[in-house]
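Here are my notes on this model. Please read them with the structure open.

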Amino acid sequence: MTVGTSPIEIACGHVAAGQTVAIATVVDTWGSAPVPVGGQLVVLNETTFFGSVSGGCVENDVILQAMDVIESGRPQLLDYGIEDDTAWSVGLPCGGRIQVFVERFSPLSDADLLASMQLAISNRMPFCWKTNVETGNRTHDGSLDSVVSSSSTIDSGVFEHTVQPPPRLVIVGAVHVAQVLNDLVAATGFDAVIVDPREAYANDARFSNAQLIREWPIEALEQIGLDHFTAIAALAHVPDIDDPALKAAVQSPAFYIGALGSTRNHAKRRERLLAAGMSPEQFARIRCPIGLDIGAVNPAEIALSVMAEFVLALRGQKRVAKAA
């Protein structure tokens, strides 16, 4: 599996190439379920699959059931729980319970659907499809600009799955911390973009597997587009690069804005940005020092702290208070 590529995108690619696949989606959980609702597993055959519905606990059985769905075209609603003998035999003795819906996607019947889905993903727009649990018949809606979260539900015999754009971190400043942070973002399955006009920093030798934009932040952020699913980390530690990025960020719906720097440097930044027209309320959106306080002292540890705060902000939890 290509790091940073979602199961849905993988499914779209394989169906577009003429292959029939099955998509298994977690639609309900109880107790200590290892994967949340919306978790997905794409199955091509017995040995080729991507994603997860249980962190490895019941995947083997789901894959076998998915092969039946690919063969018959009939969707299946699967239950795994601690009270079932199956749960022990397939490895879910953790006290939880999950419900998984498995459906087939074929190039003969679903190419248009998945093409629309891929277009929505490319344009960072939400997308929803609905499947009749009994017949497998589908409808879809690709014009859900107001949707802000993914969801998977089954109600009155209809499975509904809404996909939101993948969370994205825009890293301003191609510094050492950014090198590690980019790898962490990719390994976690999110998207990352590196912005830095300095070719000595933003080059393929230093960022071999990164999306690089070698432009000044004003042009780069306009090109990227800052939506509700985007976060910004200003790491250049150079006012000419960080300040314009922060000005654009606080005027956007970005869900997280952080900046590298000490308390003293942040106070100087506040003076500059307020003098340039930023309001105190806008400036308050900037989290500095960036990252959770884990006692980080080197670039790798700082990157880890930033990644942790990014995930915390993404999941909607209250930020852990920093030590005074």
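1. Start with arginine 74. Arginine 74 is exposed, with a relative accessible area of 57%. (Exposed means over 50% relative accessible area, buried under 20%, partly exposed in between, with a 1.4 Å probe and protein chains only.) Arginine 74 lies in the loop between α2 (59–72) and β4 (76–81). Its C-alpha atom is separated by 7.2 Å from that of glutamate 103, 29 residues apart along the chain.

2. A word on the source. This is a predicted model: local features need pLDDT of at least 70, side-chain atom pairs count only at pLDDT 80 or more, and totals for chains, interfaces and linings use all residues. Residues are numbered from 1 along each chain as its sequence is written, and side-chain values use heavy atoms, with hydrogens and water left out.

3. Now the sheet. Six strands form an open sheet with parallel pairing, in the order β12-β11-β10-β13-β14-β15. The edge strands, β12 (212–213) and β15 (286–287), each pair on one side only. (Strands pair if DSSP finds at least two bridges between them; helices, H or I of at least four residues, and strands, E of at least two, are DSSP runs numbered from the N terminus.)

4. Look inside the sheet. Strands β10 (residues 168–172) and β11 (residues 191–195) run parallel and are joined by five bridges. Valine 170 has valine 193 in β11 as its bridge partner. Helix α7 (residues 239–250) packs on the sheet and touches β10, β13 (230–234), β14 (256–259) and β15. (Contact means heavy atoms within 4.5 Å.) The direction of α7 makes about 160° with that of β14. (Axes are lines fitted to C-alpha atoms, for helices over the stretch in contact; angles run from 0 to 180 degrees between N-to-C directions.)

5. Next, the rings. The structure holds five aromatic pairs. (Rings of Phe, Tyr and Trp, the last by its six-membered ring, pair if their centres lie within 6.5 Å; planes under 30 degrees apart are stacked, over 60 edge-to-face, the rest tilted.) Phenylalanine 105 and tryptophan 129 pair edge-to-face, 5.7 Å centre to centre with 85° between the planes. Phenylalanine 105 lies in β5 (residues 97–105) and tryptophan 129 in β6 (residues 127–132), so the pair ties together parts 24 residues apart in sequence. Both residues are buried.

6. Which residues form one aromatic cluster? They are Phe101, Phe105, Trp129 and Phe159.
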